[in-house]
Amino acid sequence: MESSYTVADFYEQQFNSRSYLEMYYLNHLSQPAIDELMYFVLEKLVKTFSSGPKFRTLLEIGCGPCLHLSLCASEHVEEIVLSDFLSNNRQEIELWLKNDPGAFDWSPYTKAVCELEGNREKWAEREKKLRDSVKQVVKCDVHQSNPLDPVELEPVDCMTTSYCLEVACKDKEAYRSAFSNVTSLLKPGGVLIMIGVLNESFYTVSDQKFPCLSLDQAFLEQTLTEVGYEIEQLEIALNPNKSVDTVSDFDAIFFLVARKK
Ligand SMILES: C[S@@+](CC[C@H](N)C(=O)[O-])C[C@H]1O[C@@H](n2cnc3c(N)ncnc32)[C@H](O)[C@@H]1O
């Protein structure tokens, strides 16, 4: 890559929202091959939101074309703002919000989430709740001091993000700085819920490799402390397919809950 060519340029040109959804989200909750890590993430999200306080506002950073985090949150939050760098990803979200027949079908996730909460029958109601709760879908660039610029958002009570910062940052310095930028959008005392990968150098979307900043647990914990968080929960699930995985090379995923001091 030329030095002026950024990770952001690469995403603009190469990231295909539909291929990403089909590769990482379609049929991942179908029998007999339920994706163990996907299930781990949903279980942790459901448990965290169900056992915590209700939030007035929630912002998701780098949601991509995905709605599973906000689905888990929607019963416990009044207002949700979703954000991502790419317009194609934001359009996928808008299609679903408008109930467009061409939108990706998130109902296997809604059903799984409602089942984990103890009432699978409520899934259609839950989808309506999510559609009503999402107030804005905005552009986000974690490298800007206000990642939502030109939108000025009042700091939120809860922030969620998954598999975003490590793929958006080319080195550890950029990661720290991006972490600090997104943290400015969270209220002091607010809760960060973050999912990410450990020791991943790449992942693939329809044969296109995307680089990833390889994080280890010690660096992750140190960065959280430096940018002003107290870690309340950090759980790690090993990649059960590490030896046969050809689409990415991560060792594990982490689920983290932290409070901004
Ligand atoms: C691996 S995808 C994760 C999507 C989704 N959060 C998930 O859990 O599957 C990485 C996301 O990071 C977004 N991204 C890349 N660079 C970014 C940046 N500078 N600021 C914000 N988001 C960025 C991409 O558009 C993409 O949606």
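## Helix packing and the ligand shell

Helix 6, spanning residues 107-117, and helix 7, spanning residues 123-133, pack at an angle of about 110°, with their axes 9 Å apart. Angles of 65 to 115 degrees count as roughly perpendicular, and helix 6 and helix 7 are therefore roughly perpendicular to each other. On the helix 6 side the residues S107, T110, K111 and C114 take part, and they meet W123, R126 and E127 of helix 7. By class, this contact of helix 6 with helix 7 comprises two nonpolar, two polar and three charged residues. The model described here is a predicted one.

Helix 6 also packs with helix 3, which covers residues 36-51, their axes coming within 10 Å and crossing at roughly 50°, an angle that makes helix 3 oblique to helix 6. The crossing of helix 3 past helix 6 is right-handed. Helix 3 contributes L42, E43, V46 and S50 to the contact, while helix 6 contributes A112, V113, L116 and E117; by class, these residues divide into five nonpolar, one polar and two charged.

| Helix pair | Angle | Axes |
|---|---|---|
| Helix 6 and helix 7 | about 110° | 9 Å apart |
| Helix 3 and helix 6 | roughly 50° | within 10 Å |

Turning to the ligand, 21 residues lie around it, of which G62, G64, F85, S162 and A168 come nearest. The shell around the ligand has 14 nonpolar, five polar and two charged residues. Helix 1 (7-14) and helix 8 (165-168) each supply at least two residues of this shell, and helix 1 gives the most, with three residues.

How values were computed: Residues are numbered from 1 along each chain as its sequence is written. This is a predicted model: local features need pLDDT of at least 70, side-chain atom pairs count only at pLDDT 80 or more; totals for chains, interfaces and linings use all residues. A residue is near a molecule or strand if its C-beta atom, placed from the backbone, lies within 6 Å of it. Helices (H or I, at least four residues) and strands (E, at least two) are DSSP runs, numbered from the N terminus. Ala, Val, Leu, Ile, Met, Phe, Trp, Tyr, Cys and Pro count as nonpolar, Asp, Glu, Lys and Arg as charged, and the others, Gly among them, as polar. Axes are lines fitted to C-alpha atoms, for helices over the stretch in contact, and angles run from 0 to 180 degrees between N-to-C directions. Angles under 35 degrees count as roughly parallel, over 145 as roughly antiparallel, 65 to 115 as roughly perpendicular and the rest as oblique. Two residues are in contact if their C-beta atoms, placed from the backbone, lie within 7 Å. A crossing is left-handed if the near helix is turned anticlockwise from the far one by less than a right angle, and right-handed if clockwise.
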